[in-house]
Amino acid sequence: MTQSTTPDKASSPDALPRQHRQYTIGELARMFEVTPRTIRFYEQEGLLAPRREGQKRIYREKDRVRLKLTLRGKRLGFSLAEIREVVMMYDAMPDGNARQLQRLLEILADKRANLERQLEDIRLMRMELDDVDDRAREVLRSLGH
């Protein structure tokens with residue numbers, strides 16, 4: 001982990017207060033088991049905003065949390081627009097957390113409703129497949145096979 005810009009000889013990087021920790025792109029990539037290219041993509045999409053030192057990207061704790069939220073959102077099937085909306089609220093103050101949670105609950109309710117519709121579609125499709133399967137077997141039997 002990269003140390004804070006104010007060195008403290010008596011403490012290790014892990015002893016730094018969490019809000020002062022800094023990370024390289026490689027450290028975040030290893031931490032979240034993604035490629036640096038993935039992190040750069042999320043940066044390009046405006047979800048991460050590292051500080052630059054020449055060509056080197058320096059990520060703060062805020063970026064780490066945003067990456068964590070982004071990756072969790074992707075695993076849950078959120079679109080980038082939905083993730084961006086929730087992650088951007090992470091920065092809003094003073095009531096950002098309450099608004100973020102309320103919007104997250106709305107998005108989750110929409111996702112849940114979509115899953116229920118998909119489950120019903122799958123159930124109906126299975127019934128139709130079973131019906132076609134039964135008819136095909138009946139025809140085969142009638143042909144003596």
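Which residues does Leu47 touch, not counting residues up to four places away in sequence? The list is Tyr42, Arg66, Thr70, Leu80, Ile83, Arg84 and Val87, where a contact is heavy atoms within 4.5 Å. Keep in mind that this is a predicted model, so local features need pLDDT of at least 70 and side-chain atom pairs count only at pLDDT 80 or more, while totals for chains, interfaces and linings use all residues. Residues are numbered from 1 along each chain as its sequence is written, and side-chain values use heavy atoms, with hydrogens and water left out.

**Overall layout**

- The protein chain has 5 helices and 3 strands, taken as DSSP runs numbered from the N terminus (helices are H or I with at least four residues, strands are E with at least two).
- Reading from the N terminus, the order is β-α-α-β-β-α-α-α.
- Of the 145 residues in the protein chain, 28% are buried; that term means under 20% relative accessible area, with exposed over 50% and partly exposed in between (1.4 Å probe, protein chains only).
- Among contacts with a separation of 6 or more, 48% link residues 24 or more positions apart.

**The core**

- The largest nonpolar core holds 17 residues; such a core is a set of buried Ala, Val, Leu, Ile, Met, Phe, Trp, Tyr and Cys residues joined through side-chain atoms within 4.5 Å.
- Leu28, Ile39, Tyr42, Leu47, Leu48, Tyr59 and Leu67 have the most contacts inside this core.
- Helix H1 (25–32), helix H2 (36–44), H3 and H4 each put in at least two residues, and H4 gives the largest share, with 4 residues.

**Helix H3 and Thr70**

- H3 has 15 residues and spans 21 Å from first C-alpha to last, close to the 21 Å expected at 1.5 Å a residue (the expected span is 1.5 Å times one less than the number of residues).
- Its buried residues are Glu61, Asp63, Arg64, Val65, Arg66, Leu67, Thr70, Leu71 and Gly73.
- Thr70 sits in helix H3 and counts as buried because its relative accessible area is 1%.
- Leaving out residues up to four places away in sequence, Thr70 touches Tyr42, Leu47, Ile83 and Val87.
- Thr70 and Arg84 lie 14 residues apart in sequence and 7.9 Å apart in space, C-alpha to C-alpha.

**The largest pocket**

- Its volume is about 170 Å³, counted as the space filled by probe spheres set on grid points joined across faces, edges and corners.
- On a 1 Å grid over the protein atoms alone, a pocket is an open set of points where a 1.4 Å probe fits, with protein on both sides within 12 Å along at least five of seven lines, and lining residues have an atom within 4 Å of a point.
- The lining is Leu69, Arg72, Gly73, Leu76, Phe78, Ile83, Val86, Val87, Gln100, Leu101 and Leu104.
- Helix H3 (61–75), helix H4 (80–91) and helix H5 (96–142) are the elements that give two or more residues to that lining.
- By class, the lining splits into 8 nonpolar, 2 polar and 1 charged residues (Ala, Val, Leu, Ile, Met, Phe, Trp, Tyr, Cys and Pro count as nonpolar, Asp, Glu, Lys and Arg as charged, the others, Gly among them, as polar).

**Loops**

- Leu76 is in the loop between H3 and H4 and counts as exposed because its relative accessible area is 52%.
- Leu76 and Lys111 are 35 residues apart in sequence but 8.8 Å apart in space, C-alpha to C-alpha.
- Gly77, which follows H3, has a positive phi near 90 degrees.
- Glu33, in the loop between H1 and H2, has a positive phi near 55 degrees despite being a residue other than glycine.
- Glu33 is exposed, with a relative accessible area of 76%.
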